[in-house]
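I opened a new notebook page for this chain.

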Amino acid sequence: MTVQRTEHSSEHNVGHIKGISGPTVTVDMQGLKLYDRVYVGRAMLTGEVVRLEGPGAIIQVYEDTRGLGMGEPVKGTGNPLTVRLGPGLLAGMFDGLQRPLERLREETGPFITTGKELYALDYMKQWRFHPLKKPGDAVRMGERLGYVEEGPFKHYFLSHYDGAILRIIDGDFSLNDSLGELDGGRDMVGCTEWPVRTPRPIRRKLPSREPLITGQRSIDMLFPLSRGGTAVFPGGFGTGKTILEQSIAKFADVEIVVYVGCGERGNEMAEMLEEFVTLTDPWSGRKLTERTVFVVNTSNMPVAAREASIYTAVTMAEYYRDMGYHVLLLADSLSRWAEALREISSSLEEMPGEEGYPTYLASRLSSFFERAGVVETLSGELGSLSMILSVSPPGGDLTEPVTQACLRTAGAFLMLDTSLAHRRHFPAINWFQSYSLYEKELAPHFREKVSPRWEELKQKCREVLRREESLREVTELVGIEGLQDADRLLMQVAERVRTEFLGQNAYTEDAFSPPDKTIDRIGAIVEFHAAASEKLKQGVLLEEAVKTSLNAK
């Protein structure tokens, strides 16, 4: 369904273009508010108010402004930039303004036409509504009214008001139809809009005591992530950020994934989307796309929409969290978002901060990270929103502002090492420079649910890697033959830890490692080390001790 961009226009909120500078447009227009959505020019380009000054405003346009002329009309909607929330989002692919890209391609071809807008949801599709309430029931805001089946999930409809139900349907409906009526004549709707920069309401935030299993052994064992937590992994070019994010999107132990391709190359996104269609969710056995929402704003799309894309994505993620689901938001990458923010700030002639980024970069990132967490929803259900975000520091410089701003806020820091990537070790997570603040609080869960030896084996793994690092310097001086047999054995064990345990090929069955497989693999290596060390103490030669211990396994 094509949207005609004429709604909400009236005489008091119509102005004219007074100046154009790239995607930034100056208008003479009264009655606007900050972050109001407007339509610019005769082509009705989508824009957003980013500054109010004097008798007019400055608007950031989210589409290509070529061909825009002075004096063309500008119309305000009276509303901020919003997303439409309702059934039909799952398995969908949208741009940063929530335009459905597949339907746009069908209507306009492979290139997005300026001024073209479609509803994000299919308002003609019929859904079977199953009520959970009946006429006469009193409901509170956020309480479940009923649900429809959206793929393998129950898509719950929540009340927007307190009140008593006068009527409620039981049967087929479309998103244009009403679900029923509350007292006072208030409709219960099947589709709602929400401003992307405003967090959705919750009853309260809760501490997390459960891990977010990613299927990556180096993360789950050494740097565990928490459900409702936040993690960033910075790395230079070629360190495997995109592949790691895609692997986590495929295998993470969550119910719904929202994946944001923010400023990435179009060919990479195309390959990923093509692969996702063929994949099966290892947890449910169903198609992986059935639990995934894609927000795609590639590097050849308008830069201004890139800044909005992560807010569009996190609002959709919060929507499913409010139904009581565990949701994971993946963004690739925050650096491209920050570059868009810097470009917008520069066009507004704001005072630049470090490396040209706006001075409010850190506060914007912090407020975005705050939208993650384990929450008690307004309906009393438990839901969570976790975030894993990649950072692409120029030249691999981790002292640059975006990485440092993330460091101050994120709960886990997974540094991707260029030297490991050059040695073809993937995921290239540096086991000395990375950390997780969730490790201590998640330890009881792993001990009770996976293995009592989880912490013990983790510490032995780290000890082997630490001792190997100190022996490496000695080896460079005297050679491997100059080491004692116990130290040579340790070097062999460390090599096995790196290649057989920490390394995972994203294109084989080993790409996904559940906790029981993870503990078995590191346990086998640690037990081999213990058995071979014992034979060395008995006077057995190193080669024989290694051979005997391997055969025993």
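My entries follow, topic by topic.

**Confidence.** I noted that this is a predicted model. The mean pLDDT of the protein is 90, with 97% of residues reaching 70 or more. I then looked at residues 1-12, where pLDDT stays under 50. The model has 31 contacts beyond four places in sequence for that stretch.

**Domains.** I took the bounds from the domain assignment: domain 1 (1-80), domain 2 (122-190), domain 3 (204-436) and domain 4 (454-552). Between the C-alpha centres of domain 2 and domain 4 I found 58 Å.

**Helix H13.** I checked the length of H13, residues 515-537. An α-helix has 3.6 residues a turn, so residues three or four places apart point the same way. Just after H13, I found Gly 539 with a positive phi of about 95 degrees.

**Glu 381.** I located Glu 381 in the loop between strand S23 (373-376) and strand S24 (382-391). Is Glu 381 partly exposed or buried? Its relative accessibility is 31%, so Glu 381 counts as partly exposed. Leaving out residues up to four places away in sequence, Glu 381 touches Arg 144, Gly 324, Val 375 and Glu 376. I also looked up Arg 203, 178 residues from Glu 381 along the chain. Their C-alpha atoms are separated by 9.6 Å.

Terms used:
Residues are numbered from 1 along each chain as its sequence is written. This is a predicted model: local features need pLDDT of at least 70, side-chain atom pairs count only at pLDDT 80 or more; totals for chains, interfaces and linings use all residues. Side-chain values use heavy atoms; hydrogens and water are left out. Helices (H or I, at least four residues) and strands (E, at least two) are DSSP runs, numbered from the N terminus. Buried means under 20% relative accessible area, exposed over 50%, partly exposed in between (1.4 Å probe, protein chains only). Contact means heavy atoms within 4.5 Å. The expected span of a helix is 1.5 Å times one less than its number of residues. pLDDT is the predictor's confidence in each residue, from 0 to 100. Domain bounds come from an automatic or database domain assignment.
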